[in-house]
Amino acid sequence: MRQGCSAWKLTRPVPALDELSVCVQLQRKITTPWTAFMYSHETQPAETIELGLTGKHNSLHVWHSGRQWTAEVSLPINEWCTICFTVSSFPQQVNLYINGSQVESLVSVGPSDYHSCCQLKPGGTLTLGASHYFSEGVMIPETGTNFQGSITLFRVWGEVLTQRQLNGCLGGNVVSWDAADWDYMGCPPVRNSHEHCGEVLFLDLKCGIDQSTPAQLTVVPQLSETLSKERMFVLNFHLLAEKNRHTIHISPCGSTLSVNIIPRHSCGFQVHANTSLNTDETKQKILSSLEAPYPDMSINNISITHIEPGPCPKIQHQTREGLFLWNQTPAEQTATLQCEGDVTKMAQRQCVLAPDNHARWKEPELHQCPVVVETIIPDLDNINVTADNAADVLVMIEDLIKDHKNLDDHELDTILNKLADVLNITVVTPDLAEAVIKIISDILHSGSHLQPVTNKILNITETIGDKLSGFTDEFPSLFSQGLSISVVDVDSQQFQNLTFGVSSVEQGQNMEIYINQEPFDGTVAFISLPPDLKDSFPQNAHNHPSRIQFQFYRSTVLFQDTQKNQMLNTYVVSASVTNATGPIKDLMRPVAVTLHHLNSKPYDKEVQCVFWNFNKNDGLGGWDSTGCWKHNTSTDLTTCLCNHLTHFGVLLDISRTPIDETNEKILTIISYIGCGVSSVFLGITILTYTAFEKLRRDYPSKILLNLAVALKGLNLIFLLNSWFSSFGSYGLCVAVAATMHYFLLASFTWMGLEAVNMYMALVKVFNSYVPSYILKFCIIGWGVPLIVCGSVLIIKRETYGGSFPSTSLQVYLFCWVQDDVAYYVTVVGYIFMVLLFNTAVFLVVLVQLRHMRANRPAGTHSNILKDLRGVASITFLLGLTWCLALFAWEPAKVAMLYLFSILNSLQGFFIFLFHCLMKENVRKQWRVHLCFGRFRIQDYSEWSQTATVPAKPKPHQSNNFPSMKSVSSNKSNTTESTSASSESSQREVYIMRPKLGVLCQTSLALPRAQYNSSPQSQHGMPCPQDHTYEVYSWLPKAEPH
């Protein structure tokens, strides 16, 4: 802008700016007050200046958001000055620079709360060379303070630039010194022969540096400081090599000679020069600057070459923030464009000088621009893929997948269609191919339902290998987290054999792929292709080179099939021939495939070699065994032979269907916690009944003690199973599995004996005397499980076992019954029979309860809570909670398994709760022997009272029981046991020291005292001796008829 003009007006809109930098070069002619530029809004008061630079006398004023900063500076007349200032947001601060030097005397004038504002408001008016005001919406330049002189290189950036950047002639990314951006208002520009920036030159330098420790951090600042004085800037500095320089020093008398070794380093960098000098003069200026002495280094062997990097090309860039068309831009300048989603925001992209001396675009800075492609449907679906935007579309897809987990079928289909379009219309370079397989890998780990698109994904990965070009490696390989692809171009005439192997796929290790090498430890997949394969190579090898590609799928979620009782137990590997003459099948010599098991194969489990058949399941694909057979298998590896090529895997037979991994882990934790708690309380129960002899005088207490011992052993073995099996000893694992099997059967056997005892006590009253009652129970309870487990060991020892660790894959170990026949016969069948019997007894007891309620005298109140407690007590005692397993079917399978695990793992705790903690005689024994002070009670006798019992026979009985002088009463370990209701007024009981015996009555078994001579009933039936049955306290009190 020349002298004599009133003002220029900026035509392009100014966006909202949180921080900014402004530079202008000006030359004053007179000393009157002046305005370099002013930016304001017509909606604001006239005195409010959004942005401006003014001067008056010997002071300079900077304006921002209505606030003023002043510096006492005297600008010379008729001399060019460069004035720059920056406004930062955090912290809110203004810095002023004049001719490259910072002005420290800048003082703020205005409101003290400036730090809490202020964004430059968008959409205002900027005039250059004069201030302005608005009249009825029309901008009018002021004439009293217009600038008298010349102005050039006015630029604005939407960021805070460094002092070095401000010293250069960097183009503004908000406002640039471009004639197209200005309304001259009748004052056209003129060429300024004194323009400070002059010509832009780029030079490439090579030099040597002598310095003991040539760190780049110390060399570059010294070079930059030297050259910046000449408005030149260092770019892309790098050290090249190191050589030693030897110097010899001889003393004046010649008696002493010393040799110094000084490290010499070669370096290279580029220089960006803004100068009015020509090329040769600029080179000479650089030489003279660099050859000047430095404090701790010297520069020598300087070589300078003028370079012409050219501009960054015009390109179209598709992003989630919109479509940007970046125009051709010179090196070391910044291009700016309006954001598509908000035209008041600006996008910028810098064109830089690359180390190879060519101009290259940097990644655009789009942080101000809002996202316009937010969804896959319809935003991504509406973008047309072209050769120019293919790479950009891949970047968008990758970002969208990160933001959208669990893609639905429509979204998956859209993404895969875009990937197919990219592969079909562009050259598949290694970089583009890696981007595609990374997206595929992200899809595999997205948690989406992939079965409908499995074949489409496999076709896309096949296309990558077929079209891959531009690689330099002999055997190029592409890696991602979920899959890898390797390509081998072969000579069809020389082909004999080809192998492919993969190793090291554990987390934290790099995957390794090797071609034409023998497998070794750690190999998880290996394919060997036979010579017969060359018959399928394309006939015209010159036009269609023979290519074999291998694919390895580290993620197996892609291959979902509906086969029952089978699971994929290996990674998936495939081989294919590009441009084959036809389908590759019925090979004379088969393809050999060796795959490592994901989980070690149990001894009795079968494996099946399969391939992925694209046509199964109505075109969705599925596993098929046609043309593949098992060659050999072990715990860790399976080798398959197939007469065709495709995707190969190994299925493991799983007849006991597992649940999903998350629920399985939770159920395992619940089981371990419950069994641990039960073990503790079972131990307390066993100690209580063992220590206190009075508690185990009757049969139910002795049966309960045996049941507690069996459950205690089962819980302990279950808790220690994983630890024992981790030793990897087959013999130890068999012993642990057999022991756990034994205690499980023993526990259920004693539960069944509890039911037998209850049946004899409450139902079969007459003829129920059994000699050596407990001894026979012990023989059955401990002997039958021993016979079962011993028979299993004798018939087939391999029935017991577990999974064992391998060198490459660590799996969760547990020793248990592995044979399905033995499992269903000796575990499921055995437990089912016991539970069936216990359930029948339980129902009979409930019927007896109902009959007793019906016979209760009028006016007797029922105790519902006591009845429920009794039902719960007998439920856990008989193990009826195990029946929940029968209802563990879909859709209530998971819920039932949770209920099953909680109740059964805590069975020992509930036995302690009902048969120790809630039993009065057990609590009294604790207080007698374990408590102190006021909580302790003196030893007591359960039979401390006496009474006579006039037995009242039922109406239909003509004979009475013999008279008796004492009746004994025992407390049962299941619930309280009583011989007669204390509430009954029809009986009086003599309670004395307990003795064994039973008084027989038609509908009730009453514990009674032992007679010297065996009494008989009216009908001559003897009462059993030494045989006491429990009458549960939760049953209604029986009344005589």
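**Disulfides and a buried strand**

Author: In this predicted model, the sulfur atoms of Cys609 and Cys640 lie 1.9 Å apart, and the two residues form a disulfide.

Reader: What makes the pair Cys609 and Cys640 a disulfide?

Author: The criterion is a pair of cysteine sulfur atoms within 2.5 Å. The sulfur atoms of Cys609 and Cys640 are 1.9 Å apart, and therefore the pair counts as a disulfide.

Reader: How do you know whether Cys609 and Cys640 are buried or exposed?

Author: Buried requires under 20% relative accessible area. Cys609 has 3% relative accessibility and therefore counts as buried. For Cys640 the relative accessible area is 3%, so this residue is buried.

Reader: Why is Cys883 called buried, with a relative accessible area of 16%?

Author: The cut-off is under 20%; Cys883, at 16%, therefore counts as buried. Cys675 has a relative accessible area of 8%, so Cys675 is buried too.

Reader: How many disulfides does the structure hold?

Author: There are six disulfides in the structure. One of them joins Cys312 to Cys351, with an S to S distance of 2.0 Å.

Reader: What makes the disulfide of Cys312 and Cys351 left-handed or right-handed?

Author: The torsion about the S-S bond is about 90 degrees, so this disulfide is right-handed. Cys312 lies in the loop between strand E19 (298–307) and strand E20 (315–319), whereas Cys351 is in strand E23 (residues 346–353), so the pair ties together parts that are 39 residues apart in sequence. Cys312 and Cys351 are both buried.

Reader: Why is strand E32 described as largely enclosed by the rest of the structure?

Author: Strand E32 spans residues 572–578, and seven of its seven residues are buried, so the strand is largely enclosed. Both faces are covered: on one side Val572, Ser574, Ser576 and Thr578 are buried, and on the other Val573, Ala575 and Val577 are buried.

Reader: How do you know that strand E30 pairs with E32?

Author: Pairing requires at least two bridges between the strands. Seven bridges join E30 (residues 546–553) to E32, therefore the two strands pair; they run antiparallel. Within E32, Val572 is the bridge partner of Tyr553.

Definitions and conventions: Residues numbered from 1 in each chain as written. Predicted model: local features only at pLDDT ≥ 70, side-chain atom pairs only at ≥ 80, totals over all residues. Heavy atoms only, no water. Buried < 20%, exposed > 50% of the residue type's maximum accessible area, 1.4 Å probe, protein only. Helix = DSSP H or I, 4+ residues; strand = E, 2+ residues; numbered from the N terminus.
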